[in-house]
Amino acid sequence: ATHGEFICVVPCTIRAAQATVVLATVSTSTVPVITLTKYTLPGAGGTATTIDTIAIPDASSVGQTLYVKDLGVSMLPGQVVQVKHTAVYY
């Protein structure tokens, strides 16, 4: 599922990303992930590049904040970071 997108309005560099796990139900063997994708145009248009993923290891992650550091992704005005997550719950 797509959670949303962030549109760059001034040149910047994304240095890190974080996500806090707030819910986990239903057992599965598939590790859910949050995927951060950079697009050259809003609305998932243009060229897509995966920035990184944040894996949610198991149900014990509820209440934890998970980080991805040292991303160093340069953004220009009009470019977008889209946040997606898998629809898998523990």
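Hi everyone, and thanks for coming. Please keep in mind that we are looking at a predicted model.

Let me start with Gln-79. Where is Gln-79 found? It sits in the loop that links β7, residues 73-75, to β8, residues 80-85. Is Gln-79 buried or exposed? With a relative accessible area of 13%, Gln-79 is buried, because the cut-off for that word is under 20%. If you turn to its side chain, you will find a polar atom 2.8 Å from the backbone nitrogen of Leu-76. What else is Gln-79 in contact with, once we set aside its neighbours within four places in sequence? The list runs through Phe-6, Ile-7 and Cys-8, then Lys-38, Tyr-39 and Thr-40, and ends with Ser-74.

Cys-8 from that list is my next stop. Cys-8 is itself buried, at a relative accessible area of 8%. The cysteine sulfur closest to that of Cys-8 belongs to Cys-12, and the two sulfurs are 3.8 Å apart. Cys-12 counts as partly exposed, with 35% relative accessibility, whereas Cys-8 is buried. And if you search the whole structure, the number of disulfides is zero.

Now over to Leu-41, in strand β4, which covers residues 33-41. Leu-41 counts as partly exposed, at 46% relative accessibility. Setting aside neighbours within four places in sequence, Leu-41 is in contact with Gly-46, Gly-78 and Val-80. Take Val-80 from that group: how many residues separate Leu-41 from Val-80 in sequence? They are 39 residues apart, yet their C-alpha atoms are 6.3 Å apart in space.

Last, a look at strand β6, residues 65-68. Which residues make up its covered face? Those are Leu-66 and Val-68, while Thr-65 and Tyr-67 are on the uncovered face. Strand β6 also pairs with β3, residues 17-20, in the antiparallel sense, and there are four bridges between them. If you want one to find on screen, go to Ala-19, whose bridge partner in β6 is Leu-66.

Terms used. Residues numbered from 1 in each chain as written. Predicted model: local features only at pLDDT ≥ 70, side-chain atom pairs only at ≥ 80, totals over all residues. Heavy atoms only, no water. Helix = DSSP H or I, 4+ residues; strand = E, 2+ residues; numbered from the N terminus. Buried < 20%, exposed > 50% of the residue type's maximum accessible area, 1.4 Å probe, protein only. Polar contact = N/O pair within 3.5 Å; in protein donor to acceptor, adjacent residues only side chain to side chain. Contact = heavy atoms within 4.5 Å. Disulfide = S-S within 2.5 Å. Pairing = 2+ DSSP bridges.
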